[in-house]
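Me: Hi! Could you walk me through a structure I've just opened? I'll ask as I go.

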Amino acid sequence: MRTTQLITSLFALTLAAPALGACDAAPIPSPTPGEATTLRPGGFGCSWCTLTGNSPIVNSASLADINLAGVNSSGVKISGIQSVDNIFYTLAVDPDTEGFMGVNLNDVDDTLTGFDVLQAKILLQMNGGGIVYLEITDIDVVESWANSGSPVTVYRASYTNQGQQQSLCPHGNPENQWFTVIADELYDPTTHAITPSTTSLTIACVGQAAAKLKMLDYHPRGNYGSSLEQRETTLRMITADYCGTGQSFTAQGVRVAWSNEAGTVEPPFNEDILEAKWGRDGALCLDYPREVSLDTVLDVCELPSCDGNPEFEGAEWRTMLPID
């Protein structure tokens with residue numbers, strides 16, 4: 001079996017908030033296939049800041065979703081994954097790590113998993129013809145932001161476009177070019193609605209709401225066991241979608257401390273001012289928006305005040321703001 005066990009010394013995620021707007025993580029070393037890796041503080045983005053404009057793109061086509069059984073929303077089809085020694089596999093998801101896996105349909109004992117995926121190439125059949133080879137250039141495992149969450153497998157990948165190497169996650173900072181994989185669901189970046197799909201994968205780059213949802217252990221295969229309603233609530237909380245319409249009222253680098261009623265997620269700094277309490281349709285109540293004025297939000301939708309009451313009272317999430 002071509003299987004290398006993911007052996008990783010997990011780091012203690014540094015959650016102390018840096019200066020406002022500083023969302024860059026410390027460098028993470030690239031692993032050697034089959035060897036243990038010591039991960040450094042910094043992890044997969046930061047647990048409190050917003051990062052925009054980082055959706056996965058290949059030759060101007062979105063790869064935010066992968067359809068394992070057909071074409072994705074941009075007409076891109078996955079033709080398989082080719083190992084570093086040129087063995088061709090069918091692309092699948094590892095049920096243990098929720099990471100990429102190659103399956104040999106002619107030999108059930110021959111799989112490509114863990115760090116063996118490093119330097120493998122996912123073959124993308126583009127809309128209109130042509131094959132693009134998306135190479136997995138880095139793999140790591142990072143600690144969940146939830147105290148009960150499983151470690152999260154993350155990747156970096158690149159492809160060649162007109163002789164130039166391009167990162168799948170187009171952010172200029174290499175530490176924001178990491179992405180993770182979420183099985184069984186698709187996420188609408190405009191409405192924040194979730195569509196279950198057993199044949200699809202979501203690709204979520206550092207800073208994207210779906211990536212944060214997974215890091216908070218609210219993905220479909222997370223230990224928390226969240227429901228669809230709880231996940232949609234989480235997306236609206238992350239994106240400051242107070243009105244539940246898909247409109248985001250936040251900006252890059254804005255600090256906010258989130259905690260859930262179950263106590264599996266704790267804020268990285270003091271909770272000083274109550275922002276909002278959250279349900280599936282957005283904010284259940286709102287006191288102090290994290291970025292815009294209260295009047296700006298109330299001009300779009302009517303929301304009651306929380307009156308500074310920090311009790312959850314049935315809300316899935318509570319968000320609070322620090323005093324600078």
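Me: Which residue stands opposite Ile273 in strand 19?
Reply: That's Leu321. Bear in mind that this is a predicted model.

Me: Thanks! How many bridges are there between strand 17 and strand 19, and in which sense do they pair?
Reply: Five bridges, in the antiparallel sense. Strand 17 covers residues 273-279, and strand 19 covers residues 317-321.

Me: And what is the strand order in the open sheet of four strands?
Reply: The order is 16-19-17-18, with antiparallel pairing. Strand 16 (257-260) and strand 18 (282-286) each have a single partner strand, so one side of each has no neighbour in the sheet. From one strand to the next, the twist averages 30°.

Me: Switching topic: what joins strand 7 to strand 8?
Reply: Four bridges, with strand 7 (residues 88-93) and strand 8 (residues 100-103) running antiparallel. The two form a hairpin with six residues between them, and Glu98 in that turn has a positive phi of about 55°.

Me: Which residue in strand 8 is the bridge partner of Thr90?
Reply: Val103. Val103 also has a bridge partner in strand 9, namely Thr111. Strand 8 and strand 9 (residues 111-112) pair antiparallel over two bridges.

Me: Last one, helix 2: mostly covered or mostly exposed?
Reply: Mostly covered, as nine of the 11 residues in helix 2 (residues 228-238) are buried. Among them are Arg231, Glu232, Leu235 and Met237.

Me: What about the phi of Ala240, which follows helix 2?
Reply: Ala240 has a positive phi, near 55°.

Technical notes: Residues numbered from 1 in each chain as written. Predicted model: local features only at pLDDT ≥ 70, side-chain atom pairs only at ≥ 80, totals over all residues. Heavy atoms only, no water. Pairing = 2+ DSSP bridges. Buried < 20%, exposed > 50% of the residue type's maximum accessible area, 1.4 Å probe, protein only. Axes fitted to C-alpha atoms, helices over the stretch in contact; angles between N-to-C directions.
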